[in-house]
Amino acid sequence: MASHSAPSLPPAFQAHLRELVLPDAVAWSNYLSLPGVIEHTSWGDVSAEALQRQIVDHARNTRCRRWAILDSDGQLLGTVGLNDIDIEHHRAELAYDLSPAHQGRGLAIGAARAVIAWAHTALGCVRVQATVLDSNL
């Protein structure tokens, strides 16, 4: 993988991105477990233990990257990243989630834009796509 740096958000968001760490799994699980949050997604097990395993996998696997979206106090607001990174074919799939308490501020859009720009520059991707379930209107 070309770069291990993190994408960055514009200062106006008053948030930043960093690699996910194991302690993030509890807060991540807490908001993913709220009613309706993963209803129209492909998420399976969102227990803290399962998310810790995913964090470890992301750290080892060059085909995926995921960052924590944090406020200035270090509170986890959401995550954003890339799945199915294919360096040979210059493509990746965008993935993100956001705690319902922090939706509606443009944070997911800003984080997605930052990761897409990072994928183009750091990884040389020419295509970054997102997939949704047809039940997600």
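**View 1. Buried residues of H2.** Ala-48, Ala-50, Leu-51, Ile-55 and His-58 are the buried residues of H2 (buried: under 20% relative accessible area; exposed: over 50%; partly exposed: in between; 1.4 Å probe, protein chains only). They fall within an arc of 155° seen down the H2 axis, so they line one face of the helix; the arc is that of the directions from the helix axis to the C-beta atoms. Exposed Arg-53 and Arg-60 sit on the face turned away from the buried side. The model is predicted: local features need pLDDT of at least 70, side-chain atom pairs pLDDT 80 or more, while totals for chains, interfaces and linings use all residues. Residues are numbered from 1 along each chain as its sequence is written, and side-chain values use heavy atoms, without hydrogens or water.

**View 2. Packing partners of H2.** The buried residues of H2 pack against helix H1 (24–32), strand E2 (65–71) and strand E3 (76–86) (contact: heavy atoms within 4.5 Å). Helices (H or I, at least four residues) and strands (E, at least two) are DSSP runs, numbered from the N terminus.

**View 3. Trp-28 and Trp-43.** The structure holds 2 aromatic pairs (Phe, Tyr or Trp rings, six-membered for Trp, with centres within 6.5 Å; planes under 30 degrees apart are stacked, over 60 edge-to-face, the rest tilted). In one, the Trp-28 and Trp-43 ring centres are 5.7 Å apart and the planes at 90°, so the pair is edge-to-face. Trp-28 lies in helix H1, Trp-43 in the loop between H1 and H2, 15 residues apart.

**View 4. Trp-67 and Trp-118.** This aromatic pair is edge-to-face, at 5.0 Å centre to centre and 75° between the planes. Trp-67 is in strand E2 and Trp-118 in helix H3 (residues 107–122), so the pair ties together parts 51 residues apart in sequence.
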